[in-house]
Every structure is written in structure tokens, then in C-alpha cells.
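Reader: I am new to this structure and would like to learn how to read it. Please take me through its features one at a time.

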Amino acid sequence: MTVSYTAEVATCRRFGCFWKLLGRWRASIYKLIWADLLVFLIAFYATAFLYRYGLYGKGKRIFEDIVDYCRSYAALIPLSFVLGFYVAIIVERWWNQYITVPWPDPLAVYVSALVRGQDEHGRLMRRTIMRYVCLSLTMVLTMISPGIKRRFPTYDFFITTGLLNHNEALIITKMDEKFPKHSKYWMPLMWASSVMTRARKEGRIWDDFSLKSMIDELNKFRAGCNMLTHYDMISVPLVYTQVVTLAVYAYFVAAIFGNQYIGKMESNIVNFYFPLLSTLEFFFFMGWLKVAETLICPFGDDDDDFELNWVIDRNLQVSYLIVDEMHNDHPTLVRDQYWDEVFPNELPYADESQRQNPPEASTAKLDLSKITSSQLNKRTESDTSERDFTEFDAEDESVKSSELRIKFASLRFNIHRSSSSISMLDNDPSIDQPEAEGEGDEEETFYESDQLLSRGTSKDDFDRLREERERERHARQLQHAAMTFDLLKGELKNLPDSANPSDNELPPENPPNDNIPYPSADHEAQTEKSYMHKMKDQ
């Protein structure tokens, strides 16, 4: 599993926080390169002893020529460039492989929310869908991870874990016998989609859009599983890996000879005892190569590889928890503590000394005094007498004459008359009416009356528009009242004769109430006529 040290480097103080990490052994550079460093030092000292005690005369001269040659041409190997670019590719690939691992949580939320039913069959559908999803990912991991393959060597171990039952294992086995060339990790996903379709047919999924959302999320999960198999099949090109490996090892083979002390003036006396700088160089370059070797396949058994066994256990447990234990369940809805305030002005801190000021914009503290003062000096006297357009109630007639006025088009309501409606204008002799030529002329009459009522006033256009709309609203109310009266009269006429006795035959125990007059057409017309005169006066 990846070694995490984030908590130890959360805050950097004084000389940094990485020094406390240098003493770690697990997943450290010391653990990776100690064997290679030991071989390098043994080879270096063996060569030194050979030169000092095993060679004489011409042999020493030949050895010194070899040292000069290696010292001169070892620097021509572009090790930093080749190795740095290679490690950058490996680290990017390592992170992409991690984010490609699909998680069943989004699909579990969809299944819990959209597959309804509190009965046993609905619960069985939800749990089966998520079991198939977790089974598919586990089958993919057995193809790419040695650790997972050792945990699930055969389908029997899937059955023991609870990811598979005997009938399903038999189906997959027969499919493997029939089509042995292709992996069958996608079969559980097909079963899951079939269960979703069946739930839609049974009405447990309310609409087709919900079914489509679940199928789309299932396809995203399948795409992640498929991408993991691609990462396993398609590696970094072998030629690049070979070039980097040969470059690193060839460089340090040359360093074994090139950093030897040969007794000349240009030789460094430090190398006579210990190749200090060569050892540090070996740490850096060989450590870089070991990083690439560790991260190129993060599904193995290295210290920094992904903990996939934990992922398998966690996925099944959380999936069942979401679709079964948490299905249609939530805490009681209560008002939060900021209900009356709508939103909190400040949130409390456990330690108020930790409260900090909110972040400011980059130009919040920019000094603008010189800029504003220079602009004020350029303004002339006539500029100060400019008109302030924010003053709406100007008393000067010259200002009023140049005032910007906004005209609104009149909004016309076409009110179709029926036999039960009462005319508002036919009973008003003060309004000239055009000659009747049809139903369209009656509609024009109401429109022209509005124009007459709104003409000749000095009020603002906004006030006139508001009054016109108010008059139209009253006209509609009167029309609705007239239609209601007609309906009441029609209901009274349709009553049987026994229910409509004459005035002489009223029963003595129910005397007529003269204080409640019945509405009549003349009374309604008179009411509308008085209302129109009142509107004209306004």
C-alpha cells in the first residue's frame, strides 16, 4: 500500500519538514538501492586494489589510460535528460492508473435512489446489481495484479467470498470453455443491466430517464475496468526502458574506472579512501531509475503499490450499505441553528485565535491617489456644471423639455361579448361610438374608450399605464360578475314550479326578506354606467 506521510509535512517551519522523513526505511531510497550501491562500492574498491597491488609497469600505464578515457567521455552520456523524461512519463502513467480504478459508489447511489421497493424482491434486486458490479472489478484485478490473483486463483474462491454463487460460476465456466480467448469480466455487468431492465418493466424504476441514467453510470464503470486492462496490455515502449536502463548502468560502470585515484596531480586524493561524490551521484541517478521501476506497475507487491485487497473489501461493504442499510433512510428534518438568521454572519471557532481575515483581491490595496488627483486637475470649470441625471424631479422647464421620456405601447384586451355580458359603453351617451359594422367594431369601441379616458391628462406615462391596467382589471371583474348573475338567474328559472311559488302563495313561516334585493339587468347596467362616469372623472 502507498506509504502516506502527508500529516508529517502538513506545515513547513524553520528548516523545512522533509528532514524528518529521511530516517524512514519502508518505501525509502535506501531500501531500493542498498544492494546496487553495495555492488558498486565492492566493484570500485576491487578495481582500486587491482591498480595499487596487482598491476606493475606497463599494466599500470594501460589502466591509467583507461581511467583518463572514462573520465573524459562519461560526461557525454545525457543521463539527466533521458532519465528525467522517462521518470516524468512513468509518474504521470502511475497517477492515471490510480484514477482509472472505478469506484461503485456513484452507481450505488443511483440504484438506491431509483430502484424502489421495500419488499424482499426490491432489496434482492439492489443488492444483486451491486454484487455483480463488485464482481466485475475483482475479475479485472485478478488479471492485472499478482496479489489479487493469489487471493482468487479460481472461481471457487469468489464463491467463498460471496461475490459469486454456484450457478453463476457454472455459467462463466461454460462461457470460458466456449470462448477461451477473451476474458469474461464484462458478463456480470451485462447481468446487472438485465436486472435494471427487469426492474423498469416491473415498475420499480419510475421512468425511462432514470433507467438511462443508471445504464450510463454502469457504462462508465465498465469503461474504467476496460481501461485497466489496456494499461496492463500496453506498457511504456520497451526500447525506451532499455535505453534508460543501459544508460544508467553504463554510466556507473564508467564511473568505477573514471573516479579512481591513479597517483597523478589531477587525481583527487579523496577517492583514494572513499568515492564520496560518486556515491551521492549513484544515489540520485540510480534512485531515479528505481522510482521508475517501482511505479511502472502499481498493481504489484511493492511498498508504494496500490492496496487492491482493501479496495475489494471496501467496495462490497460500502455498496451493500448504500443500497440496503441506507435505502430511503435519512435523519429527521429539523431546523438548523441559523434558521431565523437565514445565514450565519460568522461561524464559531474552537480557538478564536485561529480566525483569519478573508482574502482580498490583488488590487484592494493599490494606491490610486496619484491617478485620481491627476484626473481631477484635468477637469475644466464647465465639466463641474454637468447635468446630474440622477435628479428625476427637476423644476426647471428647460430641463423638462429635454427630459427623456419612455413611451409604452398600449396593451389592448380583446373581450368578446356573449349574450350574457353587459356593455360598458353602449349605456354611456357621453362617449361617441362608431357605426356598428360587425363584431370587430364592438371590440374597437372598448379600445377607443380607453384612449378617450387616458387622453388629456398631464400624468406620467407610467401612471397612465398603471391606471389603464387598473381599469381593465375592473372591467374584467364586472364582466365576470355579470356572467355570474346570468348563471344564477338561469338556475332560478330551471327550478320546478313547486320550488318557485308566487308572491301570494309564500308560506307564512318563510316571509320574504325585502332587505335583500334580487339583481336585475337594469340595476347592473346602471351600476356599470356610474362606474364608467367615475373612471372618466379620474
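Author: Start with a term: a salt bridge is a side-chain nitrogen of Lys or Arg within 4 Å of a carboxyl oxygen of Asp or Glu. This is a predicted model, and the structure holds 20 salt bridges.

Reader: How far apart are the closest N and O atoms in the salt bridge of Asp303 with Lys31?

Author: They are 2.8 Å apart. Asp303 lies in the loop between α12 and α13 and Lys31 in helix α1, so the pair ties together parts that are 272 residues apart in sequence. Lys31 is partly exposed, at a relative accessible area of 33%.

Reader: Where do Arg127 and Asp324 lie?

Author: Arg127 is in helix α5 and Asp324 is in helix α13, so this pair links parts 197 residues apart in sequence. Their side chains meet in a salt bridge of 2.7 Å, N to O. Asp324 is buried, with a relative accessible area of 18%, whereas Arg127 is partly exposed, at 25%.

Reader: How many residues apart are Asp486 and Lys489?

Author: They are 3 residues apart, about one turn of the helix, and both lie in helix α17 (residues 461-493). Elsewhere, salt bridges that share partners join Asp119, Arg198, Glu202 and Arg204 into one network.

Reader: How many helices and strands does the protein chain have?

Author: The protein chain has 18 helices and 0 strands. Of its 538 residues, 31% count as buried. Among contacts with a separation of 6 or more, 73% are between residues 24 or more positions apart. The chain exposes about 37,000 Å², of which carbon and sulfur atoms supply 58%.

Reader: Is Thr138 buried or exposed?

Author: The cut-off for buried is under 20% relative accessible area. Thr138 is buried, with a value of 2%. Thr138 lies in helix α5 (residues 120-144). Leaving aside residues up to four places away in sequence, Thr138 touches Ile148, Phe152, Phe158, Leu163 and Ile312.

Reader: Which residues does Thr294 touch, not counting those up to four places away in sequence?

Author: Thr294 touches Leu32, Asp302, Asp304 and Asp305. Thr294 is placed in helix α12 (residues 276-295) and is buried, with a relative accessible area of 10%.

Reader: Which residues form a nonpolar patch on the surface?

Author: The patch is formed by Phe15, Trp19, Leu22, Trp25, Ile29, Tyr30, Trp34, Leu38 and Ile42, which together have about 1,100 Å² of accessible area. One of these residues, Ile29, has its place in helix α1 (residues 29-54). Ile29 is partly exposed, at a relative accessible area of 32%.

Reader: Which residues does the UniProt annotation "transmembrane region" cover?

Author: According to the unreviewed UniProt entry, the annotation covers residues 29-51, 72-91, 129-148, 238-258 and 270-289. Over residues 129-148 the chain is 95% helix and 0% strand, with the end C-alpha atoms 22 Å apart. Over residues 238-258 the chain is 100% helix and 0% strand, and the end C-alpha atoms are 30 Å apart.

Reader: What is the phi of Asn328?

Author: Most residues other than glycine have a negative phi. Asn328 has a positive phi of about 55 degrees, although it is not a glycine. Asn328 is in the loop between α13 (308-325) and α14 (369-378) and is partly exposed, with a relative accessible area of 40%. Val342, not a glycine either, has a positive phi of about 70 degrees. Val342 lies in the loop between α13 and α14 and is exposed, at 70% relative accessible area.

Reader: Where in the protein chain is confidence lowest, and where is it highest?

Author: Where pLDDT is low, the predicted coordinates should not be read in detail. The lowest confidence is in helix α16 (residues 439-454), at a mean of 46, and the highest is in helix α9 (residues 187-201), at 96. The chain averages a pLDDT of 79, and 74% of the residues score at least 70. Over residues 394-404 pLDDT stays under 50, and the model has 5 contacts there beyond four places in sequence. Over residues 406-450 pLDDT also stays under 50, with 64 such contacts.

Methods: Residues are numbered from 1 along each chain as its sequence is written. This is a predicted model: local features need pLDDT of at least 70, side-chain atom pairs count only at pLDDT 80 or more; totals for chains, interfaces and linings use all residues. Side-chain values use heavy atoms; hydrogens and water are left out. Patches are made of residues with over 30% relative accessible area and no salt bridge: like charges are joined within 9 Å, nonpolar side chains (Val, Leu, Ile, Met, Phe, Trp, Tyr) within 5 Å. Accessible areas come from the Shrake-Rupley method with a 1.4 Å probe; for residues, only the protein chains shown count as cover. Helices (H or I, at least four residues) and strands (E, at least two) are DSSP runs, numbered from the N terminus. Buried means under 20% relative accessible area, exposed over 50%, partly exposed in between (1.4 Å probe, protein chains only). UniProt positions are given in the numbering used here, feature names are shortened, and annotations may be inferred rather than shown by experiment. pLDDT is the predictor's confidence in each residue, from 0 to 100. Contact means heavy atoms within 4.5 Å.
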